Amino acid sequence: MSKPLIQISDLNKVYKIGTEKVIALDNVSLDIQRGEICCIIGTSGSGKSTLLNMIAGLEKPSSGTVVINGTHVEKLNESKLAIFRQKNLGFIFQSYNLLPTMTATENVAMPLMFSSIKQSVRDKKAREMLKKVGLSHRLSHKPTQMSGGQQQRVAIARAFVSEPCLILADEPTGNLDSATTVEVMKMMVDMVRKNNQTMLIVTHEPELSVYADKVIHILDGKIDKITVNKKDETEKESEIK
């Protein structure tokens, strides 16, 4: 087997609140392979979002290591982290995080702004991505002119436009109805499979776990168990319905 894309070793995160110590992550070790879709699932306060933040380099661990694509994320300073994220990570959030004053095309093109790509090329790539997610008729629309499902499709296009090796999705369907959830999840899975990318989905919704190859259950800051799915997409779609 090839070297894992993500290698997490003995990861700990302790928050100090006054004289109290709160353990958010407790000696977590985990390998995630290239091309895997993993669901990190747990209740509120279980540590799943903290784990995602560590992987994204948004927080520093108290101890332990996070290695992504051969890079020790926990050792990078802010400027190097920004470059690393630009080259390797795509983000999808529950609240979409679109800029309200920008059109769909401008929002999707944003991750390409910090590269040496010309604006005309950035816009072309953004339009192509929006067409792939079924929004060719919304290229010039702003977020307030789109439904929640359409806004999330824009967010998906933005995450994929720079062709990152890792997609991080934090409660990506939390604001969507069940029918739109199926559409959005199937779209993300199809795109990840086609591009041989890795995706981590953080959620408290057990229904989303059927889309993953591997399901990581987090409880009280520890990995409680890991289960492996071996179902095809038809079974997954019918099961979530």
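Gln150 counts as buried, at 16% relative accessibility, where buried means under 20% relative accessible area, exposed over 50% and partly exposed in between, with a 1.4 Å probe and protein chains only. This is a predicted model, in which local features need pLDDT of at least 70 and side-chain atom pairs count only at pLDDT 80 or more, while totals for chains, interfaces and linings use all residues. Residues are numbered from 1 along each chain as its sequence is written, and side-chain values use heavy atoms, with hydrogens and water left out. Helices (H or I, at least four residues) and strands (E, at least two) are DSSP runs, numbered from the N terminus.

- Gln150 is found in helix α5. Leaving aside its neighbours within four places in sequence, Gln150 is in contact (heavy atoms within 4.5 Å) with Leu135, His137 and Arg138.
- Met146 belongs to the loop between α4 (119–132) and α5 (148–160). With a relative accessible area of 8%, Met146 is buried.
- Apart from neighbours within four places in sequence, Met146 contacts Ala104, Arg138, His141, Gln151 and Val154.
- Met146 and Val108 are separated by 38 residues in sequence and by 15 Å in space, C-alpha to C-alpha.

- Helix α6 has 18 residues (residues 178–195), which at 1.5 Å a residue should span 26 Å; its end C-alpha atoms are 26 Å apart, which agrees. The expected span is 1.5 Å times one less than the number of residues in the helix.
- Asp177 caps the N-terminal end of α6, with a side-chain oxygen 3.3 Å from the backbone nitrogen of Ala179. After α6 comes Asn196, whose phi is positive, near 55°.
- Buried residues of α6 include Thr180, Val184, Met187, Met188 and Met191.
- The axes of α5 and α6 come within 10 Å and cross at roughly 15°. The two helices α5 and α6 are therefore roughly parallel to each other, a label for angles under 35 degrees, whereas angles over 145 count as roughly antiparallel, 65 to 115 as roughly perpendicular and the rest as oblique.
- Where do α5 and α6 meet? Gly149, Gln152, Arg153, Ile156 and Phe160 in α5 meet a set of residues in α6, among them Thr180, Glu183, Val184 and Met187.

**Helix α1**

- Seven of the nine residues of helix α1 (residues 48–56) are buried, so α1 is largely enclosed by the rest of the structure.
- The buried residues in α1 are Lys48, Thr50, Leu51, Leu52, Met54, Ile55 and Ala56.
- Just after α1, Gly57 has a positive phi of about 75°.

**Asn12 in strand β1**

- Asn12 is placed in strand β1 (residues 6–17) and is buried, with a relative accessible area of 18%.
- Not counting residues up to four places away in sequence, Asn12 touches Leu25, Asp26, Asn27, Pro61, Ser62 and Ser63.
- The side chain of Asn12 reaches the backbone nitrogen of Asn27 at 2.7 Å.

**Positive phi in two loops**

- Most residues other than glycine have a negative phi, and most peptide bonds are trans.
- Glu163, in the loop between α5 and β7 (166–170), has a positive phi near 55°. At 61% relative accessibility, Glu163 counts as exposed.
- Asp220, in the loop between β9 (214–219) and β10 (222–228), has a positive phi near 50°. At 59% relative accessibility, Asp220 counts as exposed.

Definitions and conventions: Polar contact = N/O pair within 3.5 Å; in protein donor to acceptor, adjacent residues only side chain to side chain. Axes fitted to C-alpha atoms, helices over the stretch in contact; angles between N-to-C directions.
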